[in-house]
Amino acid sequence: MGRRQNDSEPSRFISLTFLLAGFISCALVYTVLSVALNSNTNSKGSNFEPLTLAEESNDGGCCRGIEKLELWGGAVKWGSDHKFNSSEECCQACKAMCTGIDGPCLCDTWVFCGNKKACGSKFGECWLKKQKDIFAPDRQEAGEHVIWTSGLIFGKGEGIVGLESEHGTLHIKLFPDCAPHSVAYILELLTLRHCAGCQFYRAEGRGQLWDSEGNHIKKAPFGPPFAIIQGTLEAQGTPFKNIPTEECPYIRRGSVAWVGSGPEFFISLADHQEWKKAYTVFGSVLPEDMEIAEKIAQLPTKSDVWNNINVSVLEKPVPLLLRRLDGWGDLNTNVKSD
C-alpha cells in the first residue's frame with residue numbers, strides 16, 4: 001500500500017521499520033512502498049502488497065492512550081482514591097463502567113499518571129471521567145511538561161462518524177482505545193465542518209477471489225483486484241502531521257486503516273490475513289453499509305501501474321464529507337477477535 005503524492009516527483013521508496021513490544025503492540029517489521037505521481041498525466045502511484053511479520057503479538061483487547069495529554073471532564077472516580085500500576089489497568093477500569101449491559105456509559109475518559117519520578121505522590125492515580133461531548137473531549141493541557149496519559153472509550157452506539165458521498169453514507173465506528181492518535185485526528189477533522197480534498201480515488205472489487213462475506217476463495221490469487229477502496233482524509237489548507245503506528249490487527253471486511261502514516265486510507269472489502277498485521281486500523285464500517293462500499297468499488301475505473309503493481313483508479317474520484325453522528329444505539333461492527 002502506498003501514499004498518493006500531491007506534487008510531481010520521481011518514483012521513490014520510503015522504508016519504515018517498526019518494532020513495537022508489549023501485550024497489545026504490533027510486533028513486526030513494517031515496510032511501506034510509496035507512491036509516484038506525475039501531474040502532467042494525472043497518474044497516481046501506490047502499492048498494496050502483502051507484508052510479512054517478523055513476530056506476531058497476542059491479542060487481548062486494546063487499551064491505548066496518548067501520553068503527555070490531560071483530558072478534563074466530570075470526575076466519576078477520583079484518582080487520589082483510585083490507583084493502579086499501569087495505564088492499561090486504568091483504561092480497563094473505565095471500560096468496566098461502559099459495558100452497555102446495564103445502561104449508558106458511566107465513564108468515557110481515563111487519565112493516568114504513570115511516571116514515578118514526574119508524578120511523585122500522584123503516581124498511579126487513575127481518574128475516570130465523563131465528557132459532555134464525546135466528539136469534542138475537554139482538553140486541559142498537552143505538551144512535554146504534562147505528566148498524564150489520557151484515553152477515550154466509546155460505548156455501544158457511540159463514536160459513529162459518517163463518511164458521506166453521492167453514493168450513500170458509510171457509518172464508521174471509531175476505535176479510540178486501539179488507535180487514539182488516529183481517532184484524535186478524525187475528531188479534529190470533524191471540527192472543520194468540511195473535508196475539501198477528501199476523496200476515494202482507487203476502487204477494486206472482490207472479483208472472483210473473495211466471496212460476498214469477504215472469505216478468500218481457495219487456490220485463488222490474492223489480487224489484483226485487491227478488494228479495497230482507497231482514498232485520502234486530508235482537508236485542503238489544513239497541515240497534516242504523520243500518525244504513529246498504532247494497533248494493527250488482521251485486516252477484515254469493513255476494516256478502515258491508514259496507508260503508512262496517513263492521510264491516505266483504505267476500506268477493505270475482504271479479509272486479508274495474507275497482509276498479516278501491517279496496518280493501523282482505526283475503525284470499521286457497519287455491516288449494513290458495506291453494500292455502499294461495494295457500489296463504489298464497481299464504479300468505472302482505468303488501469304494504472306503503481307510501483308510495478310496493476311491497480312484500478314477511478315475515472316472520476318468520489319468526494320467525501322466527514323460528519324459526526326449521534327444516538328445510534330446498539331450497533332454491531334465487522335470487528336472479530338483474532
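Predicted model: local features only at pLDDT ≥ 70, side-chain atom pairs only at ≥ 80, totals over all residues.
**Figure 1. R206, R253 and E294 form a network of salt bridges.** Take the pair E294 and R206: their side chains meet at 2.8 Å, N to O. E294 sits in helix α4 (residues 290-297) and R206 in the loop between β10 (199-204) and β11, so this pair ties together parts that lie 88 residues apart in sequence. Are E294 and R206 buried or exposed? Both E294 and R206 are buried.

**Figure 2. E247 meets R64 in a salt bridge.** Here the N to O distance between the side chains is 3.4 Å. The two partners come from distant parts of the chain, 183 residues apart: E247 is in the loop between β11 (228-232) and β12, while R64 belongs to the segment before β1. E247 is buried, with a relative accessible area of 6%. R64 has a value of 16% and is buried too. For context, the structure holds 8 salt bridges.

**Figure 3. D177 and K95 make a salt bridge between a loop and a helix.** Their side chains come to 2.9 Å, N to O. Look for D177 in the loop between β9 (168-174) and α3 (180-192), and for K95 in helix α1; the two are 82 residues apart. D177, at 16% relative accessibility, counts as buried, whereas K95, at 21%, counts as partly exposed.

**Figure 4. Five strands line up in an open sheet.** Reading across, the order is β1-β7-β4-β5-β3, and the pairing is antiparallel. At the edges are β1 (66-67) and β3 (74-77), each with pairing on one side only. Helix α1 (residues 87-95) packs on this sheet, where the helix touches β4 and β5 (126-130). The directions of α1 and β4 make an angle of about 155 degrees.

**Figure 5. A closer look at β4 beside β7.** How many bridges join these two strands? There are 5 between β4 (residues 109-113) and β7 (residues 148-152), and the strands run antiparallel. To get your bearings, find T109, which stands opposite L152 in β7.

**Figure 6. V259 is tucked away in a loop.** The loop in question runs between β12 (255-258) and β13 (264-268). V259 has a relative accessible area of 1%, so this residue is buried. G231 is 28 residues away from V259 in sequence, and their C-alpha atoms are 9.4 Å apart in space.

Conventions. Residues numbered from 1 in each chain as written. Heavy atoms only, no water. Pairing = 2+ DSSP bridges. Helix = DSSP H or I, 4+ residues; strand = E, 2+ residues; numbered from the N terminus. Contact = heavy atoms within 4.5 Å. Axes fitted to C-alpha atoms, helices over the stretch in contact; angles between N-to-C directions. Buried < 20%, exposed > 50% of the residue type's maximum accessible area, 1.4 Å probe, protein only. Salt bridge = Lys/Arg side-chain N within 4 Å of Asp/Glu carboxyl O.
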